[in-house]
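Here are a few exercises to work through with the model open beside you. Try each task before reading its solution.

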Amino acid sequence: MASSARITRTSHRSRLDIRFLIGAILIVVSIVGVWFVVTSARETTPVLAAAHALVPGQAVTASDVVEIEAHLGAASGGYLVPDDLDDGIVSTRVVAEGEIVPASAITASDKADQTTVVVRSALGVPADIQPGAQVELWAAPAVGPQEFGEPLVIAATAIVADVREDEGVVTGTGATLELTVPREVVSKVLQHVAAGSALSAVPASVPRELPEEAAEQVPTTHEPDETAAPDAEADDE
């Protein structure tokens, strides 16, 4: 009987030891898990944020970004980091000032499908046309001295890269605009600039298709018609 009682007590003690061991393991695992969560929450990653608005087609250099520490967790690989800076990278979309630059918004310059052009606005520029704004570029083809035809859209999805207001005592009402446009419309824009078309940028909240008739119209340089005045006099008579 005594031997049986000792065996029972030993068996009971063994079960208590196993339960104690399992409980201790669970406590340790819980402590480690909490420590890991707290440590992860405190861990930061150096990433790059836009020092000013970035626009499509713009080369991104060290002067265009600032390094900050951010809590990104598992998303850390989705943003631009200091090691990603390269002489051959450009922005593919508008990145607002202060926004952490997504890696998806950057590409190699040889893969960019947009570039910048500089145009002179014939009219005053609205106050909401600022760097990063989307605009439509309209052109009124020159048909004679100080005469212009019907305006048409030559770039439906231009992005404003810079606005330079006229300075000096004698100035017009317009401004010089640096615009980012798709490469396929660059030739059309430059033809209108060379032909003396009156260009104007209009805020565009919704992208739209470029009308086919507008795409087909290419301006030509017009010379003054020397016979126009006599014909006009004849009509008056």
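Before we start, one term: contact here means heavy atoms within 4.5 Å. Also keep in mind that this is a predicted model.

**Exercise 1.** Work out which strands helix α2 lies across, and at what angle it runs to β5.

*Solution.* Start by finding helix α2 at residues 186-195. Next, look for the strands it lies across: β5, β6, β9, β10 (175-182) and β11. Finally, compare directions: helix α2 runs at about 15° to β5.

**Exercise 2.** Find the order of the five strands in the open sheet, then name its edge strands.

*Solution.* Go across the sheet strand by strand, and you get β5-β10-β9-β6-β11, with antiparallel pairing. From one strand to the next, the twist averages 45°.

**Exercise 3.** Step back to the protein chain: how many helices and strands does it have, and what share of its residues is buried?

*Solution.* Count the elements: four helices and eleven strands. Then apply the burial cut-off, under 20% relative accessible area: 29% of the 237 residues come out buried. As for the surface, the chain exposes about 15,000 Å², with carbon and sulfur atoms supplying 57% of it.

Notes: Residues are numbered from 1 along each chain as its sequence is written. This is a predicted model: local features need pLDDT of at least 70, side-chain atom pairs count only at pLDDT 80 or more; totals for chains, interfaces and linings use all residues. Side-chain values use heavy atoms; hydrogens and water are left out. Helices (H or I, at least four residues) and strands (E, at least two) are DSSP runs, numbered from the N terminus. Buried means under 20% relative accessible area, exposed over 50%, partly exposed in between (1.4 Å probe, protein chains only). Accessible areas come from the Shrake-Rupley method with a 1.4 Å probe; for residues, only the protein chains shown count as cover. Two strands pair if DSSP finds at least two bridges between them. Axes are lines fitted to C-alpha atoms, for helices over the stretch in contact, and angles run from 0 to 180 degrees between N-to-C directions.
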